[in-house]
Amino acid sequence: MAHAHDAHDHDHATHHAGDHSHAHGHHHGPADTTGRAFAIAVVLNTGFVLVEAGIGFWAGSLALLADAGHNLSDVLSLIMAWGAMALARKAPAGQRTYGLRKATVLASLANAVLLLLAVGAIASEAVRRFADPAPVASGLVMIAAGVGVVINTATALLFLRGRRDDLNVKGAFQHMAADAAVSLAVVAGAAAIMFTGQTWIDPALSLVIVVVIVLGTLSLLRDSADLALDAAPRNIDVAAVRHWLGALPGVVEVHDLHIWAMSTTETALTAHVIRPANDDGDAFLHGACEGLAERFGIVHSTLQVETDGAACRLAPAEVV
């Protein structure tokens, strides 16, 4: 749906027009489904964390406790992401003219930081355990970790479909998939301890878990930080957008182009386009905004059309 603003003149006598393109309904059906997925995931994983941590203490397995700590951080991450999605659906009001959509980006960033803090504690304890190895009830550990493989795999599947459209959902999928792999590694490690009696395997496996978590978290941290700094989402080619706008009928130049994420699912764009013969202004604006939504997934576009070609003070590339 597009809304065209009335054209107006500035001091430099350039003709301008704005167009906002919104994708309504974006947060209803899919969001409701994702909300249920988050609810199921939180309940399942909270119950499992309590059981896994209890068994980890009882069995003396740092690897199992590391997995429980990782799962606990994931539960907190799921809760934050779920809450942020709810906040993002609130209508704009007062000073918050974009509503609370940016909360989804902040939640994603907080989740990545939380994971890195959690693995730091796990790594520290693993190093200490090398100097003071403890006995491990490997059979009990295998059972608990095996249950973790099932629960984490089932939880990851809940987010499989939506992972390409939302950074928070992608983060949830990555966390749960990594958890399933880590739990499987704990099963293998417990089996190795059972057959060899080598207790150093437990802290060594904990360090492997730490490396896996860090590697999986760095991309999420980078993407979340980029969006928090209003960088264009990674899936959008800024040069391609500029070229596409510049190739529209009648357009001779594009400048002051900005693309940023309003949330982890919605992208906004503003740009100035020089179009001397703008006799079909409204049709051009509607077509351009619809094209940006269809081709690039940019659902909130604002275009300013300049007709006389006079130098705009925002035209230089170094000016924001």
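Author: Buried means under 20% relative accessible area. That cut-off is needed for the first case in this predicted model.

Reader: Is Asn 45 buried or exposed, and what is its relative accessible area?

Author: Asn 45 has a relative accessible area of 1%, so by the cut-off of under 20% it is buried. The residue lies in helix H1, which covers residues 29-59.

Reader: Which residues does Asn 45 touch, not counting residues up to four places away in sequence?

Author: With those sequence neighbours left out, Asn 45 touches Val 75, Ile 151, Asn 152, Thr 155 and Met 176.

Reader: How should I read Ile 40: what is its relative accessible area, and where is its place?

Author: Ile 40 has a value of 43%, so it is partly exposed. Its place is in helix H1. Ile 40 also belongs to a nonpolar patch on the surface, together with Leu 44 and Leu 158. The accessible area of these three residues together is about 230 Å².

Reader: How many bridges join S5 to strand S6, and do they run parallel or antiparallel?

Author: There are 7 bridges between S5 and S6, the latter being residues 267-274, and the two strands run antiparallel. The link from S5 to S6 is a hairpin of 5 residues.

Reader: How many residues of S6 are buried?

Author: For S6 the count is 7 of 8 residues, so S6 is largely enclosed by the rest of the structure.

Reader: How many bridges join S6 to strand S7, and which way do they run?

Author: S6 and S7 (residues 298-306) are joined by 8 bridges and run parallel. In this pairing, Gln 304 of S7 stands opposite His 272.

Reader: Which helix goes with S6 and S7 in a β-α-β unit, and what is the hand of the unit?

Author: Helix H8, residues 281-296, makes a right-handed β-α-β unit with S6 and S7.

Conventions: Residues numbered from 1 in each chain as written. Predicted model: local features only at pLDDT ≥ 70, side-chain atom pairs only at ≥ 80, totals over all residues. Heavy atoms only, no water. Pairing = 2+ DSSP bridges. Helix = DSSP H or I, 4+ residues; strand = E, 2+ residues; numbered from the N terminus. Buried < 20%, exposed > 50% of the residue type's maximum accessible area, 1.4 Å probe, protein only. Contact = heavy atoms within 4.5 Å. Patch = residues over 30% accessible without salt bridge, like charges linked within 9 Å, V, L, I, M, F, W, Y side chains within 5 Å. Areas by Shrake-Rupley, 256 points an atom, 1.4 Å probe, with all protein chains shown as cover. Salt bridge = Lys/Arg side-chain N within 4 Å of Asp/Glu carboxyl O. Right-handed = clockwise from strand over helix to strand, strands pointing away.
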